[in-house]
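Colleague: I am new to this model. Could you take me through the cavity and what is built around it in the chain?

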Amino acid sequence: MNIAVVGLSHKTAPVEIREKLSIPDTQIDEAIAKLTSYPHIEEVAILSTCNRLELYAVTTETEHGIREISQFLADQSRVLLQDLRPYLFTLLHHDAVMHLMRVAAGLDSLVLGEGQILSQVKHTHKLGQQHNGIGRTLNRLFKQAITAGKRVRTETSIGTGAVSISSAAVELAQMQVDTLENRRVSILGAGKMARLLVQHLLSKGANDITIVNRSMRGAENLAKQFEHAALKLHTLDEMMPIVTNSDLVFTSTSASEPLLTRSNLEPVLLSQQSVMLFDISVPRNIHSDVNGLERVRAFNVDDLKAVVAQNQESRRRIALEAEGLLEEEVEAFEVWWRSLETVHTISSLRTKVETIREQELEKALSRLGSEFAEKHQEIIEALTRGIVNKILHDPMVQLRAQQDIEARRHAMQTLHTLFNLETSNKKYS
């Protein structure tokens, strides 16, 4: 069995590509069912955020499994595989394991050290279990990655002052207008990202915030967390009047189509009015065509990179310290993984040799006669068991200790061939 990750992220693909591959929670079960129906995919987990879509898989044959995942992504995005392939990355074995550790620790994030990704990795683990995509191997891998993420956040200071996507958006807004005080701010959405937006807006001095959400209940639940802020609450059917009465608009909904476009903004904007739009959603909530409007400025998640870069250098030094912790967690996982891979071969070899021992012992005892056999059977049996254990000890220790994946698999294949061991329940590739 092989571990692989295939996907794309803010490092490999622009937002207009990432949004085509975004898989909402409501479609995760269907996606997992389809992926696990492929002949070479045993387990799968889907990590889908605004900055990445990554499929973690256990495959029975690496090349075929990666091909199946890549084709799934092309079908899912309705982008030809040949056009999608330049944006995809593939990592195998140790590299795939280390990648998930780095993701969970926030070391692969647009905002180095951001903490939200750890909860997203936990959510991926939960959904993978819920929809029967995660089995023994990925379950252990995700648990180890979550442990790694927690260790990095508690044993280093990488989270100190680290900004999230939401706070980077607020910081970018403040850079554009100097002060947020007395600016009319509206937020479309009332989920986690919106909560972080409110938190950071308040910390920067914003005092006129309106929440626009699909359901009033969701908006009210958000407002309860900031009772001192006197947030104004509205539903989406009031969206356009709220937007046109705002100086700054942040969008963070799960809508699959743009909520704000040139066609619905242009008719309602006054000729002298200007508005700034900050879209931190993937898929995007704001269509790129709004940039054609004279007094509208729109920013998306990719525009946050300049803001983020200002905060990166100090955390980059701390990240080097975090990498050492991750190596420990990777090694812990791989020790378990190596033992799992070799357990079938070791069990088959021991069973084969034990069967031979029992057969030969029975023959020898029958030749020695019943009186001698009854008197000395325990000693002879202990002798034969001792010989078997001594012979098997070194091969088993060496097999478990072999760290090179291909060398270990070659050794297991050799043992299966030389001893004609049962292979029907195990595949090597």
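**A closer look inside**

Modeller: Helix α6 (residues 116–130) gives the largest share of the lining of the largest cavity, with 3 residues. Keep in mind that this is a predicted model. The count comes to 1 cavity of 30 Å³ or more. The largest cavity holds about 110 Å³ of space. Its lining has 13 residues. Nearest its centre lie C50, N51, E114, Q120 and I165.

Now turn to the sheet. It is open, with 4 strands in the order β2-β3-β1-β4. The pairing is antiparallel. β2 (41–49) and β4 (89–92) are the edge strands, and each pairs on one side only. On average, neighbouring strands are turned by 15 degrees against each other, direction ignored.

Look at one pair. Strands β2 and β3 (residues 52–59) run antiparallel, joined by 8 bridges. I46 has its bridge partner, L55, in β3.

Two helices pack on this sheet. Helix α2 (residues 28–36) touches β2 and β3. The direction of α2 makes about 150 degrees with that of β2. Helix α5 (residues 93–104) touches β1 (2–9), β2, β3 and β4. The direction of α5 makes about 110 degrees with that of β4.

One more helix, α7 (residues 136–155), is worth a check. At 1.5 Å a residue, its 20 residues should span 28 Å. The end C-alpha atoms are 28 Å apart, so the two values agree. Several residues of α7 are buried, among them L138, L141, F142, A145, I146 and A148.

Key: Residues are numbered from 1 along each chain as its sequence is written. This is a predicted model: local features need pLDDT of at least 70, side-chain atom pairs count only at pLDDT 80 or more; totals for chains, interfaces and linings use all residues. Side-chain values use heavy atoms; hydrogens and water are left out. Two strands pair if DSSP finds at least two bridges between them. Axes are lines fitted to C-alpha atoms, for helices over the stretch in contact, and angles run from 0 to 180 degrees between N-to-C directions. Contact means heavy atoms within 4.5 Å. The expected span of a helix is 1.5 Å times one less than its number of residues. Buried means under 20% relative accessible area, exposed over 50%, partly exposed in between (1.4 Å probe, protein chains only). On a 1 Å grid over the protein atoms alone, a cavity is a set of points where a 1.4 Å probe fits but cannot get out, and a pocket is an open set with protein on both sides within 12 Å along at least five of seven lines; lining residues have an atom within 4 Å of a point. Grid points are joined across faces, edges and corners, and a volume is the space filled by probe spheres set on the points.
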